[in-house]
Amino acid sequence: MDAFAVSISTGAVYRGKKIGITLKMATAFGVFQGGMILLGALIGETLSNKLTYFAVWIAVGVLCAIGINMVVSAFTRE
């Protein structure tokens, strides 16, 4: 959505006056948006392989924190 908003505003400003700028921006947005997807997939794959062992313990910790927060909030007046 951010790239779409910038593209719309740039198109409104230039309205075909400078097609070179428009093409450069479209190419830059396309390359970076595609690159971020690939980078995210690579980082996600790497981290998922390393965090698989700890995933259960992370879930236990999060659920315990939520439970403790619920018990504490039940005994406090706000």
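Okay, confidence to start with: this is a predicted model, and the mean pLDDT, the predictor's per-residue confidence from 0 to 100, comes to 84 for the protein, with 94% of the residues scoring at least 70. By element, confidence is lowest in H1, with a mean of 73, and highest in helix H3, residues 55-75, at 93.

Some housekeeping. Residues count from 1 along each chain as its sequence is written, and as this is a prediction, local features need pLDDT of at least 70 and side-chain atom pairs count only at pLDDT 80 or more, while totals for chains, interfaces and linings use all residues. Side-chain values use heavy atoms, with hydrogens and water left out.

Now the layout. You've got 3 helices and 0 strands, where a helix is a DSSP run of H or I with at least four residues and a strand is a run of E with at least two, numbered from the N terminus. Reading from that end, the order is α-α-α.

What about overall dimensions? The radius of gyration is 23 Å, whereas a compact globule of 78 residues would be near 12 Å. That's taken over C-alpha atoms, and the globule rule is 2.2 Å times the number of residues to the power 0.38. Along the principal axes, the C-alpha atoms fill a box of roughly 65 × 40 × 10 Å.

In total the protein exposes about 6,900 Å², and 75% of that comes from carbon and sulfur atoms. Those areas are Shrake-Rupley with a 1.4 Å probe, and for residues only the protein chains shown count as cover.

Let's go residue by residue. Val6 sits in helix H1, residues 2-14, and is partly exposed at 35% relative accessibility. Leaving out residues up to four places away in sequence, Val6 touches Met25 and Phe29, a contact being heavy atoms within 4.5 Å. Val6 and Gly35 are 29 residues apart along the chain, and their C-alpha atoms are separated by 18 Å.

On to helix H2, residues 19-51, which holds Phe32. Is Phe32 buried or exposed? Exposed, with a relative accessible area of 55%. From Phe32 to Ala65 you go 33 residues in sequence and 38 Å in space, C-alpha to C-alpha.

Last stop, the loop between H2 and H3, where Tyr53 is found. A search of the whole structure turns up 1 aromatic pair: Tyr53 with Phe54, edge-to-face, 5.1 Å centre to centre and 80° between the planes. For the cut-offs, rings of Phe, Tyr and Trp (its six-membered ring) pair if their centres lie within 6.5 Å, and planes under 30 degrees apart are stacked, over 60 edge-to-face, the rest tilted. Tyr53 is exposed at 60%, while Phe54 is partly exposed at 42%.

Methods
Buried means under 20% relative accessible area, exposed over 50%, partly exposed in between (1.4 Å probe, protein chains only).
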